[in-house]
Amino acid sequence: MRLLSFLLLLLGISISHAQQIDLEKIFEERNLGPVGELLARGDYELVARIGEAAAEKGLKAPDWRILRFKALRELGHVEQALEETGKALVLYPGHFEILLLRHDLAQMLGRADVMAEALKGINEAAKSKAAKDRTAMESVVLGRAAVMLGADAQKVIAQYFKLAQGKDAKLEAAYLAEGNLALEKDDEQRAADVFRAGLKAHGETADLRLGLARAFQSGDREKATESLKKALELNPHLAAAHLLRAEQLIGGEKFIEAEAAIQQVLDQDGQNPVAWSLRAVVAYLFMADAGKMEEARAHALERWGKNPEVDHTIGRCLSRAYRFAESAARQRQALEFDPKYLPAKMQLCHDLLRLGDEEEAWKLAELIRKEDGYNIQAHNLALLEKEMNGYTTQTFEDFILKMPKRDWPIYGARALALLRDAKTVLGAKYGMDLKRPVLVEFFGAQQDFAIRTFGALGGQGMLGVCFGTVVTMNSPGSLAHGRNNWESTLWHEFCHVITLTVTKNRMPRWLSEGISVHEERQRDPAWGMWMSDKFREMVLDEETLTPLTRLSGAFMAPKTQDHLMFAYYESSQAVEFLLEKFGKDKFQGILQELAAGKRINDAIAANVGDIEEVEKQFAQYITAKAKSFGAKADWEEPKTEELNPFEPGSFAEFLKKHPTNLWVLHKEAGSKMEAKKWAEVLPLADKIIELLPDNYDADSGYALKVQALRQLKRTDEEVAVLRQIAAKSSSAQSSFLRLIELDVPAKRWAEVKANALRSMALNPFLVTPQRALADACAALNETPEAIAAYERVLVLDPSGGAQTHFKLAALLRASDATKAKRHLLDSLALAPRNREGLALLAEWK
């Protein structure tokens with residue numbers, strides 16, 4: 001009776017009025033909408049009971065039973081729902097949607113016989129109903145069935161899903177079918193467009209929002225989070241949304257929050273295989289308990305003992321935690337359960353690439369393309385393989401380097417030398433002797449780097465990634481263009497090779513990144529990351545400074561690029577703090593505990609003390625650093641009433657009372673520069689340097705001073721300041737090039753060499769520093785280095801080949817007369833009247 005009363009209220013019918021009408025009218029089709037809304041917001045128990053009541057009354061409309069079946073499915077009563085679909089088909093033979101639900105329920109139980117029977121039923125139903133008479137929903141069902149039977153996905157979309165959308169623009173199922181199919185094929189852009197169209201046509205629904213969250217998951221985390229949040233607002237009990245959130249939390253190493261999300265699903269459906277799979281991942285990564293992991297996996301397989309989604313899900317999450325070999329093993333297990341399970345094949349393909357087993361990965365990608373011509377990732381891998389077939393591969397005992405053919409003569413030897421240096425220094429430091437060669441690949445196009453690294457387009461701003469004994473890098477001639485130091489990036493990534501190997505890939509993201517940034521600074525004071533005005537502000541902001549145990553999450557979904565950079569910086573400071581406070585042995589002990597399988601908090605506690613106390617001490621450590629940066633400066637931006645920027649002389653007047661205000665100092669300096677009053681810029685620049693002596697950024701006092709000195713033609717003083725910048729900043733390309741310009745005429749060859757190398761660490765494809773290095777090495781009698789540099793110049797600047805060939809001839813004369821003479825003849829062929837060349841040729845005769 002309570003159910004009936006609730007339903008009456010739901011439909012807007014008073015109890016007294018209900019007594020005067022036929023109760024069967026309550027269950028008329030026009031009243032299905034409110035019950036459907038109950039289902040959409042997650043009131044599954046109630047919907048299941050309403051559907052049961054409708055069935056008991058023997059109501060004719062099949063939709064009451066369909067609503068019940070969907071509710072039972074969400075509640076985990078899969079076998080009961082499957083049984084009831086069989087009974088329903090007796091009443092509604094050939095009903096398209098009931099047959100499809102029966103197929104999907106049977107699939108959840110691994111009942112291949114029932115699945116085949118349902119698809120056969122759909123096919124027979126389609127034959128008995130002309131296409132023009134089919135409803136939009138029936139077109140959706142036929143499209144989904146066609147995909148399951150192996151039809152071309154693009155044709156299915158055009159002939160069924162788009163047709164359904166044309167027949168009923170508001171039909172949510174039509175957009176879900178197309179969007180989810182696009183996601184299955186890794187076509188995230190198309191999926192996003194379809195789900196957005198569905199939201200516009202139908203209105204907000206949890207399922208459409210969930211689809212949009214999945215579509216944005218790898219490309220736009222902020223939009224993904226926004227859509228996922230909206231989905232859970234619309235339906236707080238949507239299991240798939242909680243599971244997606246749990247997986248995101250696991251990726252951010254927020255295991256306790258992930259466990260809470262998993263539990264919400266299990267409270268509703270105690271046998272949910274994905275929920276138990278994710279619980280297995282938490283048990284392994286967070287609790288370091290392999291036994292609990294296998295126990296959770298066993299629960300995941302209770303509903304269907306050979307469900308390939310279980311091991312695929314576990315492996316996919318392990319792969320994100322850099323456990324690629326373990327993920328590959330899980331994908332192989334999934335494929336033993338179902339050799340046609342494409343998600344496992346695709347994940348295995350990526351895992352093999354990250355393990356360096358490229359030959360097997362390419363073959364597997366080809367098989368996927370043959371089975372699924374629409375899969376975007378498999379298609380992209382085909383393009384990548386074709387591109388990489390034209391790469392140069394240089395194999396050595398300790399390293400295998402792959403890069404575009406044009407790249408090897410320019411920076412290949414330097415990359416190899418740097419890697420070998422890193423292996424010696426970092427290997428000894430962390431007690432690691434690598435037993436297999438490390439594969440390092442450089443990509444000439446950012447999209448190729450992204451496909452090789454992430455499996456899809458994206459990753460803009462990323463310079464390099466390490467997967468253990470495989471490193472992928474953007475070529476310094478493609479993305480950097482003089483803005484990013486490829487040598488420090490390579491050192492950073494190889495440090496990951498060492499530390500991931502030492503810990504058996506069992507380290508949190510923050511610790512891995514923190515060590516690599518720290519080791520950059522140890523290699524070269526100009527490398528790595530240092531305190532800046534932006535970092536100072538973020539440290540002192542309690543909302544931005546992240547507790548040690550949550551630092552990995554700061555990499556997961558940063559609000560801005562500044563927040564991501566701050567995550568790297570804070571992590572490196574955490575490593576520095578642990579080393580300074582507790583020493584090298586204790587720090588190495590943490591890594592050893594991680595390798596043994598301990599959780600990071602337990603590893604820290606076992607070596608340096610209670611994690612909460614360590615967090616407190618670290619917060620004090622980094623805060624003290626922030627406060628000491630510009631400690632004598634006034635960082636406040638003046639209030640409106642204190643300063644009128646439109647009044648002439650207002651900045652100067654304000655500085656008389658507040659001489660250390662950085663904001664006004666910069667504004668006044670900018671004003672003087674616009675007015676070209678360079679002499680008046682100098683004291684302002686000096687004051688900024690006095691207040692921030694450790695800041696060498698592009699807007700630092702040093703940068704201002706250099707501009708003023710250059711305009712005033714005080715070259716010697718300019719050089720002195722430029723040298724300060726060059727020694728402290730690894731990305732000051734303009735400073736490096738300016739110093740080369742000034743040092744070459746003065747024949748300060750040691751300085752020329754130093755800055756040429758610094759410039760080439762940003763962009764080795766620039767001719768000026770390459771030529772400067774060659775001239776400097778020749779002048780310093782470093783003949784092999786000079787020869788190598790001139791050979792690079794010859795590649796980069798063929799138009800100046802006559803002079804370069806001549807210089808090579810002179811340098812090679814003593815060691816390789818044949819090669820030297822060839823260069824001399826090439827020089828004379830380009831410049832027949834070169835007197836020096838003719839004289840040298842005469843000497844050979």
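Predicted model: local features only at pLDDT ≥ 70, side-chain atom pairs only at ≥ 80, totals over all residues.
**View 1. Strands β1 and β2 pair up in the antiparallel sense.** Getting from β1 to β2 takes a hairpin of three residues. To find your way around the pair, look for threonine 395, which sits opposite isoleucine 400 of β2.

**View 2. Strand β2 also pairs with β3, this time in the parallel sense.** Here β2 meets strand β3, residues 438-443, and again the pairing runs over four bridges. Phenylalanine 399 is a handy landmark, with valine 438 as its bridge partner in β3. How many of the five residues of β2 are buried? Four of them are, so β2 (residues 399-403) is largely enclosed by the rest of the structure. While you're looking at strands, remember that side chains in a regular strand alternate between the two faces of the sheet.

**View 3. Helices α11 and α13 run roughly parallel to each other.** The axes of α11 (residues 172-184) and α13 (residues 206-216) come within 10 Å and cross at roughly 20°. An angle under 35 degrees counts as roughly parallel, and that is why this pair gets the label. The crossing of α11 past α13 is left-handed. On the α11 side, the contact is made by Glu172, Tyr175, Leu176 and Leu183, while α13 brings Asp207, Leu208, Gly211, Arg214 and Ala215. Sorted by class, that gives five nonpolar residues, one polar and three charged.

View 4. Helix α24 spans residues 408-430 and helix α28 spans residues 509-523; they pack at an angle of about 110°, and their axes are 13 Å apart. The crossing of α24 past α28 is right-handed. From α24, the contact draws on Leu418, Asp421, Leu426, Lys429 and Tyr430, and from α28 on Ile515, Glu519, Gln522 and Arg523.

**View 5. Valine 744 sits in helix α39.** Helix α39 covers residues 733-746. Is valine 744 buried or partly exposed? With a relative accessible area of 28%, valine 744 is partly exposed. Setting aside its neighbours within four places in sequence, valine 744 is in contact with Trp749, Val752 and Ala772. For a sense of scale, valine 744 and valine 497 are 247 residues apart in sequence and 39 Å apart in space, C-alpha to C-alpha.

Note on methods:
Residues numbered from 1 in each chain as written. Heavy atoms only, no water. Axes fitted to C-alpha atoms, helices over the stretch in contact; angles between N-to-C directions. Helix = DSSP H or I, 4+ residues; strand = E, 2+ residues; numbered from the N terminus. Parallel < 35°, antiparallel > 145°, perpendicular 65-115°, else oblique. Left-handed = near helix turned anticlockwise from the far one by under 90°. Contact = heavy atoms within 4.5 Å. Nonpolar A, V, L, I, M, F, W, Y, C, P; charged D, E, K, R; others polar. Buried < 20%, exposed > 50% of the residue type's maximum accessible area, 1.4 Å probe, protein only. Pairing = 2+ DSSP bridges.
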